[in-house]
Amino acid sequence: MEELPIIRRRRPGQWILTFLVLLLAGALVQSLITNPRFGWDTVGAWLFSRTVMSGLLTTLELTAAAMAIGLVLGVALALMRLSDNTVARTVSWAYIWLFRGTPLLVQLLFWGFISALYPTLSLHLPFLPPIGDVPANTVITTFAAALLGLGLNEAAYLAEIIRAGIVSVDHGQTEAAEALGLSRARTLRRIILPQAMRVIIPPVGNETISMLKTTSLVSVLAYTELLYSVQIVYSKTYQTIPLLIVASIWYLAVTTLLNIGQHYLERHFAKGSHR
Amino acid sequence: MMVQATGVRKAFAGQEVLRGVDLSVPRATVTCVIGPSGSGKSTFLRCVNHLERPDGGRILVDGEPIGYEPYGRGLRELRRRDVARQRRQIGMVFQRFHLFPHLTALGNIVEGPVGAGRPRAEATDEAMALLDRVGLADRRDAYPAQLSGGQQQRVAIARALAMRPKLMLFDEPTSALDPELVGEVLDVMRGLAADGMTMLVVTHELAFAREVADEVVFFDEGRVLESGPPERILTAPDHPRTRDFVKRVL
C-alpha cells in the first residue's frame, strides 16, 4: 500500500483565542505604560533601595529558617505519627491538632506577647528545683517570636505532607529492606525517604512559596520584612501603589527562582522512574 | 538441620492460616513447598525470616530460634537489631522482586552489605561477581525499570546472595514473570542448588521441583499434608488431595 502523508488538523479556535489573549495583554501593557499613577519612576527609585533590600533579606532569612525548623520538626512529627509507640503517636497527633487548628496570626501574636503570659521563663518539674530563670523578653525576641510562630505552624503542615509521602511508598520496599537486615534508620534514609521525596517535593515547594509570602504576617509583631518595609515607606510618602509593586516584583522574582530550584530537585529524585 | 520448624501457628484476624506446621530442611538441600493458593505456603516462608510473627510453635535456623528468645517460662520477641542480625543470614527472594527502584542494579546489590558495615569497595567487587554469576554484568548501571522481569528477579537473587546467606528463601519467584522469562530465573536457581546452597522454595513450577528438589512438601489448609522425595509426591502421592492438586497443575 502507498504511504500516505499525515496532515495536521487545523485548529481555528486556538488562533481566535490567541488573538483575543494578545488583545487583552496589549491593553494591559498599554495601561501599565500610559497610566502615570503606577509611578514607575518611583518603583525604579525604591526597587534597590537600602530599606527594601534589607526587608527582602529579612524575608528570605525568615522563609529559610522557618522552613528549616518546619522540615526538621515535620520529619520528626511524621515519624512519631507512624511509630508503633502510642505515646509518640498521641503527642504528634495533639501537636498537629493544635497548630493546624488555630490561626497562624493568633499563634504569632501569642509568641509575640508571651511575656504577658510568662514574664520569666523557667522549668518547674515536680520534686525538682526550678531550672533557669530568665526574663521572657530577652529569650523570645521579636525575631524569635516570628520564627517560632512561622516554624512551629509550618511543622504541623509539613508533618502531614511527609507522612503522606512515606505512606505512599510500597510496603514491599520496607519488607525487602528488612529481609536484608538493614537497620530501621538506614531503611528510612536510604530506601523509603528517597522514594517518598517524589511525592513530598511538589507540596513542599508549594509550602515554601506560600511561606515566602506568609512571612508578611509578622508585620503584626512590627518586624520589618519586605512588605512591612515598603509599608513604612508609603506611610510617609503616600506612594502606596508604586511601593506595593516594588514588594510584588521581589516576591515574584524569588518565587521564580524557587520554581526553578524545585524543577531540578524533582528531576534529581525522579531517578530510576523512567525507562 | 538448617531449618527446623515445629507446630508453627499463625492467624490473621481470627482466620487460622497456619495450623501447626512441622517442616525441616537439611543443610545443602532444596525443599520445594507446593500446594493450593491460600494454603499458607507463603505465610510459612515469611515466618522463617520473621517478616510474619508466628503465634505459636518454634522455628530454628541453624539451631537458633528466629525472632524470639527464651524468657522466664516463655518466649519474648527479640529486639529489632537482633532480628536484623538473624535476617542477614537468610536471603529472601520475593514474588514481585521488590528491587529498590531509585538504585541501579549494582546499587541494589551493594546496599545490604554496606548497611551491614562492609567496606563499599569490597562490596562492589563482590556485587560485580554476583552480577556476572546471574548473567547481568553488562547491566550494572541499569535501573530496575529498565530491566525485564526476569532480569529484575535475577538482580533480586544477587542482592540476597550479597549477604552471604546460609539459607535462601524463595517466595513464588517466577509467578510474576512472563512465561518466556521463567527459564532464566530457574537456571540461576539450579546453579545455586548445584553449588550446595540450602534453599526453601515456594513454587508452582512442579517440573523444577521434580528436577531440583531433594524433598517436596505439600501444604493444604495450613498444614503439611505430606512430604517426601519429588518422584513419590509428584507421581504417586499417598493423599487424594495431593493427587488432585498435582493433576491440576501439571
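Arg27(B) is partly exposed, with a relative accessible area of 47%. Its salt-bridge partner is Asp62(B), at 2.7 Å from N to O. Asp62(B) also counts as partly exposed, at 29% relative accessibility. The model is predicted. Over all chains, the salt bridges come to 25.

**Salt bridges within chain B**

- Arg27(B) sits in the loop between strand 2 (15-25) and strand 3 (30-34) of chain B, and Asp62(B) in the loop between strand 4 (56-61) and strand 5 (64-65), so their pair ties together parts that are 35 residues apart in sequence.
- Arg140(B) and Asp141(B) form another salt bridge, with the closest N and O atoms 3.5 Å apart.
- Asp141(B) is exposed because its relative accessible area, 52%, is over 50%.
- Arg140(B) falls in the partly exposed class, at 31% relative accessibility.
- One network, built from salt bridges that share partners, joins Arg118(B), Glu122(B), Glu126(B) and Arg164(B).

**Interface of chain B and chain A**

- Contacts link 26 residues of chain B with 21 residues of chain A.
- The area buried between the two chains is about 2200 Å². Carbon and sulfur atoms give 54% of that area.
- Six residue pairs are in polar contact between chain B and chain A, both residues at pLDDT 80 or more.
- On the chain B side, helix 2 (80-87), strand 8 (90-93) and helix 3 (105-115) are the elements that give two or more residues.
- Helix 3 of chain B supplies the largest share of that side, four residues.
- The chain B side divides into 13 nonpolar, six polar and seven charged residues.

**Salt bridges across the interface**

- Side chains of opposite charge can pair when their charged atoms come close.
- Four salt bridges cross between chain B and chain A.
- One of them joins Arg46(B) to Glu175(A), at 2.6 Å from N to O.
- Arg186(A) and Glu111(B) also form a salt bridge, with the closest N and O atoms 2.9 Å apart.
- This pair runs from helix 10 (residues 184-214) of chain A, which holds Arg186(A), to helix 3 of chain B, which holds Glu111(B).
- Arg186(A) and Glu111(B) are both buried.

**A hairpin in chain B**

- Strand 11 (residues 215-220) and strand 12 (residues 223-228) of chain B pair in the antiparallel sense over five bridges.
- Phe218(B) stands opposite Glu226(B), which is in strand 12 of chain B.
- Two residues lie between the strands of this hairpin. Glu221(B) takes a positive phi near 50° there.

How values were computed. Residues are numbered from 1 along each chain as its sequence is written. Chains are lettered from A and ligands numbered from 1 in the order in which they are written. This is a predicted model: local features need pLDDT of at least 70, side-chain atom pairs count only at pLDDT 80 or more; totals for chains, interfaces and linings use all residues. Side-chain values use heavy atoms; hydrogens and water are left out. Contact means heavy atoms within 4.5 Å. Buried area is the accessible area (1.4 Å probe) that two parts lose on being put together, summed over both. A salt bridge is a side-chain nitrogen of Lys or Arg within 4 Å of a carboxyl oxygen of Asp or Glu. A polar contact is a pair of N or O atoms within 3.5 Å; within protein, one must be able to donate a hydrogen and the other to accept it, and residues adjacent in sequence count only if both atoms are side-chain atoms. Ala, Val, Leu, Ile, Met, Phe, Trp, Tyr, Cys and Pro count as nonpolar, Asp, Glu, Lys and Arg as charged, and the others, Gly among them, as polar. Two strands pair if DSSP finds at least two bridges between them. Buried means under 20% relative accessible area, exposed over 50%, partly exposed in between (1.4 Å probe, protein chains only).
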